[in-house]
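This report describes selected features of one protein structure. Please look at the sequence and the model before reading on.

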Amino acid sequence: MAAMSSHDPVFDTSFHPRLLHPRWWGSWLALGLLCLLALVPHGLRDRLANRLAPTLLRISKKQAYIAETNLKICFPELDEAGRQALLLKSIRVGLKTFMGFAELTLRSAAHLASRVKVRGWEHIEAERAAGRPVILVVPHTWAVDMIGRYFAIRGLTMCTMMKSPKDQVFDWYINRERAKGGKVYERSVGIKPAIKAIRSGASFFYLPDQDHGREASIFVPFFGIPAATITGLPRLAKAAGAAVVPCVTRMLPGGQGYRVEFGEAWPDFPTDDVASDTARMNDWIEMTVRTMPEQYYWVHRRFKTRPLGEEKLY
């Protein structure tokens, strides 16, 4: 579904009749339910997510196994009960954000903005006033989509890269909503379109903490374990002449909405040492995740690719 134009390879967000094929009727039903949930009061929806999360964990055995393995790797000091408690907290946060995703479709910009608390916006304004492009380095927490729309509401032109979901209906729907906040590129097109967009004035929403395989990565520590990590951040920053601004997103408890926090642009970044720059990025992500582990997206196989000779961890 990731059809792209020849001059600017962004996702094709137009509707195609093939999405009405009977194989996708279940997806449309799920999407309709998601839209209904967007109209449910936040407190009631969050209570429903809390009730459903244990059942979701029991049903989603593969995702639960991946998340449990990640927690065992990253928090060896936790016993089994501690890991299970943390996993349940994380799944509850994830389910709450997912059940609220269709707010991006059905709620007004004013409503969405009212749900986001902001700290450190002055760091964004400082870089814009200086005329520097901005790359936001964002750990992969559950709340990234809601925060991504907030930037567009504040008048910040955005671009990002992502991989398409396998479900074509949700691929169309999710990318249509994300594209309302800026340009969305498929990872397979490489970084040149993103560099062009950044040089043209867009800010880049960069989520670097996923395993994209051996060829695209180098091994640097993450929670003390060698992790295949893409080197796109220092390369993008250097090619686009952009400032790198740390950005942390989270869901707040008690139906209070979301928080996004910006730090000062990283000084002396990038350097001439790509490996050191990439390790610095991972160190910051780890430090951030340790302060709010329940917010993190643990269901990704972050340690899938191993150094030659090491056993698989999943």
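Phe204 is buried, as its relative accessible area is 1%; buried means under 20% relative accessible area, exposed over 50%, and partly exposed in between, with a 1.4 Å probe and protein chains only. The model is a predicted one, in which local features need pLDDT of at least 70 and side-chain atom pairs count only at pLDDT 80 or more, while totals for chains, interfaces and linings use all residues. Residues are numbered from 1 along each chain as its sequence is written, and side-chain values use heavy atoms, with hydrogens and water left out.

The whole structure holds 19 aromatic pairs. Here rings of Phe, Tyr and Trp (its six-membered ring) pair if their centres lie within 6.5 Å; planes under 30 degrees apart count as stacked, over 60 as edge-to-face and the rest as tilted. Phe204 forms a tilted pair with Tyr206, at 5.5 Å centre to centre and with 35° between the planes. Tyr206 has a relative accessible area of 4% and is therefore buried.

## Other aromatic groups

Trp266 and Trp284 make an edge-to-face pair, with 5.8 Å between centres and 75° between the planes. This pair links distant parts of the chain: Trp266 is in the loop between β9 (258-262) and α12 (274-291), and Trp284 is in helix α12, 18 residues apart. Helices (H or I, at least four residues) and strands (E, at least two) are DSSP runs numbered from the N terminus. Both Trp266 and Trp284 are buried.

A cluster linked by ring pairs contains Phe75, Phe222, Phe223, Tyr296, Trp298 and Phe303. Arg302 lies over the face of Phe222, 5.4 Å from the ring centre; the criterion is NZ of Lys or CZ of Arg within 6 Å of the ring centre and within 35 degrees of the ring normal. Arg154 lies over the face of Trp121, 4.2 Å from the ring centre.

In soluble globular proteins, nonpolar side chains tend to be buried together. The largest nonpolar core has 87 residues, and those touching the most other members are Ile135, Leu136, Phe151, Phe204, Leu233, Phe262 and Trp298. Helix α4 (residues 80-99) gives the largest share of this core, six residues. Such a core is a set of buried Ala, Val, Leu, Ile, Met, Phe, Trp, Tyr and Cys residues joined through side-chain atoms within 4.5 Å.

Beyond four places in sequence, the contacts of Ile135 include Phe204, Tyr206 and Leu233, where contact means heavy atoms within 4.5 Å.

## Helix α7

The buried residues of α7 are Trp121, His123, Ile124 and Glu127. They line one face of the helix, because they fall within an arc of 160° seen down its axis; the arc is that of the directions from the helix axis to the C-beta atoms. Glu122 and Ala129 are exposed on the other side of α7. Among the elements covering the buried residues of α7 are β1 (116-119), β2 (134-137) and β8 (243-251).

Glu127 has 8% relative accessibility, so it counts as buried. Apart from residues up to four places away in sequence, Glu127 touches Arg132, Val134, Ala243, Val245 and Ala265. After α7 comes Gly131, with a positive phi near 80°.

## Arg149

Arg149 is in helix α8 (residues 144-153) and is buried, with a relative accessible area of 10%. A polar atom of the Arg149 side chain lies 3.0 Å from the backbone oxygen of Leu104. Arg149 and Lys180 are 31 residues apart in sequence and 7.4 Å apart in space, C-alpha to C-alpha.

Technical notes: A polar contact is a pair of N or O atoms within 3.5 Å; within protein, one must be able to donate a hydrogen and the other to accept it, and residues adjacent in sequence count only if both atoms are side-chain atoms.
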